[in-house]
Each structure stands twice: as structure tokens, then as C-alpha cells.
Amino acid sequence: MHYRKTLEFRVFSTINFLFMALVVCGVTLPFLHLLAVSLSDSAANTSGKVRFLPIGVNMEAYKFIFQHPSILSGFKNAIVQTVVGTLISLFMMTICAYPLSKPIKGRKVMIWLVMLTMFFNGGLVPTYMLIKGLGLLDTLWAIVLPFSIAPYFLMIMINFFQSFPENIEESALMDGLNPIQILFMIVLPLSKTIIAAMSLFLVVMYWNNWFNSLIYLNSPDKYPIMLIVRNILDGANLVNGALTGTNLEKLSTASLQSAAIMATTLPIFCTIPFVQKHFTKGVLLGAVKG
Amino acid sequence: MEKMSITRFGVWSRLTALSLLVAIPLAACGDSANKAGSADAAKEGGGPVTLTMLYSESGSPFNKDWPVYKELQARNNVKLDLQVVPESDYQSKAKIVLSSDKIPDLVTNINQSNVLELGGTGVLLPISDYMDKLPNLKKRIEEFKMEDELENWKSPDGKLYVLPFLTQSASYNRSPMIRTDLLEKYGLKAPTNTEELYAVLKKMKEMNPGSYPFTGTSADDLRSMWGAAWGIEPSYKGFVFNEQTGKYEYIYTSENYKKYVTYLNKLIKDGLADPELFTSNYDQMHQKLSTSKSMFYFFWNGEEISNINLLGKKNTGPEFKMAMLPPIAGPAGEKALAGTRIDRGTVIPASAANKPYFEDLLKFADYLYSDEGIDLLTWGIEGDTYVVKEDGKKEFTDKMKQSENLNKALWDIGSANGSFTLVWPFKWFATILGNEDFEKYTEEANKNNWFTPAAKVPKLSTDQKDEESLLIAGVNDYYAKMQEQFVYGKVSIDQEWDSYVKEIHAKGVDKLLDVYNSTLK
């Protein structure tokens, strides 16, 4: 390990370190700033003095958000939507992608049909009427079933399965497993990388999605947190008076927005450590190497 | 080997797909059957009729236990079944619901363009055909002298398809505002016209060299609040009906509009107006005003005054005082834009006419316009939230007066509701706002004719609407781009004005004029 001592290496590692530190700052500093803003009083925020330390510390913004009667059910609904949606999506995409990765009849047509939905769809009103006709309106299923297959992610999965070594599957078949068993007992356990990557994408997708809930749900007690927070924030400027009757000395639009961002992104942050170890192996890298 | 595996894959994937296809509709059927059953039961029992409604959630979060909401249902013997939609996205959801085949009995908060768009299509109930069953609405329209304004809400067939939200009186709720403490300090008089304003801004700049005295948030907002004084507001998308010639004209190529951009350009050139006059957001604007980087702006003044003073006292000092002014007179004189007295409405689907409870639906709608209904939905519950004094005047009870904020307190009992309260009396509104200037200036405005009447909206058929929407975006983009370049001095007004006028006419103004004028025949 003598190269560690060379000048080049030291220069390289210093620059490397500085560059990485810069990247880390680029990611964390905005969050620190938001945290500071969310805790500062309104005079400090409107004067633009707040950087990374809060001025006039108070929790009014968080209080305002968490006082909303639907906030707890919002969190609960968002978690249910995310978990159920991700599981259904994973299942649907796996059983869709795996057969499509095999040279079956009509494969090209089917892939083409899936691709088509990336660019064309029936439009909002027909989709709404379809979901209404199916009787899914105002149920969890309206959110998690119709949109469970994301074509772009499906393509990635098909590519991954295609590069899966055929020999393994063949030997399993010789050992008497049927295709379903091969998929669930042999292929999936060896595909954790792609499953982890997909899970993360899907979790973020479902967590952030408020629009489908807005359109297909009718009861506020079914709304996810994003929709509720969106409504709080939309009303949260001094113009239309949703801040009416609150402590304006401590609470401002800026602090409220920052608090909302903190409150809604933290839960999603918490999922990253669980999938990160799979992620370090690379998303598409694994697909190529098999 | 290979072949065998293929067929087996095929069978299995088909089987799984099939089982899923079967499972979903089954689950769905069970659900909808249950719902339909319970709804029918409610109707048959002779008890309250169930009315469905698309509700826009604003103010306080909806609560079915609001005393006013319960009282409203009890007094009308109805049961309301609400679909609560957050206000932030209400319009998009309402549009989808109105395009679907099953529309709730009442859809609130529909704006003018959507009402006019849907009016002729047969989706909505022609309210004007049922005026004999809506005596209170009729009375209210006559009492407030709303006929002229209501004309703009009627479809080309002359029918009204909406239950309008009525604001009793135009109010002086958008105005110029200035730091009166600085006026006093520098020995200046409050500006009343554009020349005086220029002098005042100049002095303020002199005394505060780093400042940009005049700030704002957007070009459209500024024009809408100050345009009346320049004779360029109100308009329908930039078009105004000229009573003398009996034709529509495009106002953003007029001499007055040229004067307006020239004036703003001068302010920018001399450093008197904020380089971000058209681009600041509310927070940035409040920051500039409260830290004395700017001293003058046009804004919706309601609660703004107390908010900005609170922030200013903290950031600048206890002497900070922002106050509203009468209109700054321009070429058109001392004029202010009246907030339109009808800005949205509730619609009923045409299909409701066949429902067994149609009469009850109309009765409920009419109740919202009745004296009793208005009192309930604005003042709340007699004895509890307000009392009627001997002279007939109403007053809020101490419980309400002592609340931190009267408006919020009303929201929390279900009153002053953005979906149910269809009539907004002026005296009540002024009481809530509690700003003496607001009441004083509104009275003066009515006396001195500051308010300009609403612009005449052309009655377009569906085809004409399509043609309009094809053209208007291009015209508006070009107008907005050129306005900015004129004001910021990127393009010389003297040299480029004629080519601007020519270009915008070619971009679609000529054709739009043809469309609008053809509706007059």
C-alpha cells in the first residue's frame, strides 16, 4: 500500500474530500436553512436575516400544522397508500416484467402497448369516469390499483430480468420447479438490487402523489398528508387570510412552508437507510452485470 | 425444453391476469351497492332529504359539528352530503366532476369562465327559468341592483345558469398604501395624482438613497389596482366595449396605456420603482416594505395593513406606519377598480330537475338568500354569537368580540363560509374587518364615483369560445412580454410603439375584435 504516501494520492484524496464535502454541504445546508426558517419568528424571516441559525426560536409553525384536525389521519393515509401501493406495484410489475423478459409470443406487441401508455393516455375525465364506473371512487384502491404499473420502471425491470443468467432458471426447471416457483424462489431472491431500487422509487412516488387523491377521493378523512399540507400552504399567505387569528409575530408564510417541508420529508428520509445498502451496488449497474 | 417453458409462462401469466381482473370489480360492486342502499333509505323515511354538494374547503377545516352547519340543515329539513375538496385545487376537481356523468346537486365556487363555458351545453340547470321558485334570490338581485352585473353571467341564450355569490356593495379593498410616518417626517402631503406621487417618491429616494420607494408583485396586479385611474381598467381580457361607437376596442394599444407604461418606465429609470416591481413574491415584498427598502405599493388592503404594520414596527422601528390612500388620480381621474360584486357562483346540474327532491333543493338554495339565512351564515346564531339591539342593529356577543380574531371565530362555528354564504352584506363585512379607513373610503368611493362599472363580457358561442382560446394566449404572451420591456426600458417606447401596435393586432387582436363585435349584432 505504498501508493498512499505518494504526493499524487494525497492531492487526489484532499481534492476528493473537499469535493465530497461540497456535495454534502450542497445537500444538507438547504435543509438546515429550512429548519432555521421554520423555527424563526416572522420579523426575522421577513427581514431575511435567517441563515442557518434560527432567530427568535418558536414552534408556532409546527403547532399550526399539527393543529390541523386531519394531520394525523393524513399521515396514516399517506403511509397506508405508500405501503399498499408499493407492495401492489412491486407485485404487479414483477409478474408483468418477468414474462415479458422471456421470448414469449406477442412479447413485442405487449411491450409496445405498455410503452404506448407512457406517451398517450385516455385523459383525466375518461379516467375519472372509468374509476367511477369501476366503483373505486373514494376508496384506497382508486389510488393504488389503476396506477400500479409505471411503464418506465417496468422497462428497467424487464431489462434486468432479461440479463438474468438463463442457466440458473434452466437448472431450476430441470429440478422440477414451475415458472411461478422459479420466479419467486430463484429469480426474486437474486434480484434484491432491482427490488430495492424500485421500492425506493415507488415509495417516493406514492408519498409525493397528491393529485390522484385530490381527484379520486372525496372524504377529507381519506386524504393523504401531502394534500392536506398543500391546502394549508396554499392558504398560508397574508393575502387570503388563512393565517387569520394566529400569532403573526411568530408565524410567517416562510416559516410555515419550511415547517411543512420538514414535517413531510422526514418520514421519507427514514426509509432510505433500509434500501441504501442495496443502492450502493448501483441501480442499472446490476442490470447490466446480471 | 425451451418451448415447454414458453407455453407454461403464457398460461400462468394469463391466469394471474384473469384472477386479478375478476377480483377488482367484485370488491367494487359490493361497495357501491352498499352506498346506494343507504342513500335510498334516507330518502324514503320521510325524514330529511339528502342533498349532495361539492364543497370548497377554505378558512377553517370542515367540521360537521359546526353549530351553524347543523342549524342550516335542521331549519331546512335537509341532510347535506358533502364532498370536501381543498380550496387549493378546487377548480380542477370541479371541472372534472362537472364533465362527468354524475354531478352533485350543488357545486359551489364556480368561476365566471367555467359557468359561461358550461352554460350552453345543457349540463347546468337554467336558474333563470325557476325564478318564481327562488323569490329571495329575486328580491336580493333587485335590492342590490345587480341586474347589470348579472348580465355578464348569462349565456348567449339569455339564461342564467348559476346561483351567484352576491357582495352587497363594491368596496375599497384594493388601494395605494404609503408610509405616512415618512410623509410626516419629510413634511410631504399625501399624493393624490401621478405628478404628486412622482415628487413624493423622488423625495423618499433622496432621503433613503438605497431604497426603491415603489414596489409591487406583478404587472397584472398593479394594472388591475391602478388601471382604472389610467382608463385601462376594467376590461375583458384587454377588450372594452365603447358605448359611443357601440364596438369593442383593444385597450392595451390605447393612448392611456401608452401613458401608463411611459410613467412606470420613468419611475424605473429614475430609480424610484423597484427593479422587481413585477416579479417579487409576497414575502419578498413584505421584506422590502418592513425594512424600509420600499415605502409605497398597491395592494389588497384588508388585513394587510395590520400585518405590515406589525412586521414594520419590528424590523424598522416603532414609528413605522403604513396607511391606505384615496386613489392616485391618473388621466382618467380619481378612479378605483371595484372588486366585482359577483365573483363566483353555485351551479346545479340540469339532471337535478328530474329528482324527486328537486323542490326541496330549490327551497334550500333560496333559503341561502333569505334574511334569516343571511343572518345565520354571516352573524351566526342569535343569542349565542350575536344579539339584535333595540334599534335593530346587530352586534357580536362578547364571546365573539373577545376572540383573538373575529373572522376566524366565525369560521370556527361554520359561519362566513366560503361555500354556503352566498350573500355578503357590507356593514357586516366592515364590522369584521374593523378598519375605519376601509369603511370611510368605501363610503367616499360610492359618493364620489370612484368605482368603475364592470366590463361588458361578450356572449360567445361554443365555436367562438374555441376561436378565442386559440388566439388569446398568443396575444396575452406578447402583451405581457412587451409591457415588461417597455416598463423596464429594454425597448424604447417612442421608437417601438407603432410596431408593437401593428404586431399585436396581427397576432390576433384584429380577429378577436371581429369575434367580439359579431356577438353584438
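**Notebook: chain A, then the domains of chain B**

I began with chain A, which has 15 helices and zero strands (DSSP runs, H or I of at least four residues for helices, E of at least two for strands). The model is predicted, so I kept in mind that local features need pLDDT of at least 70, side-chain atom pairs need 80 or more, and totals for chains, interfaces and linings use all residues. Residues are numbered from 1 along each chain as its sequence is written, and chains are lettered from A in the order written.

I looked up burial next. Of the 290 residues of chain A, 47% count as buried (under 20% relative accessible area, 1.4 Å probe, protein chains only). I then checked contacts (heavy atoms within 4.5 Å). Among those in chain A between residues at least 6 apart in sequence, 73% join residues at least 24 apart.

I turned to chain B. An automatic or database assignment gives domain 1 (49-170 + 341-424) and domain 2 (174-337 + 455-518). Their centres, taken over C-alpha atoms, lie 33 Å apart. Nine residues of domain 1 and eight of domain 2 make the contact.

How much area do the two domains of chain B bury between them? I noted about 650 Å², 51% of it on carbon and sulfur atoms (accessible area lost on being put together, 1.4 Å probe, summed over both parts). Leu116(B), Asn152(B) and Pro156(B) supply 57% of what domain 1 buries against domain 2, more than any other three residues. Helix H4 (residues 112-119) of chain B gives the most to that side of domain 1, with three residues.

Definitions and conventions. Heavy atoms only, no water. Buried < 20%, exposed > 50% of the residue type's maximum accessible area, 1.4 Å probe, protein only.
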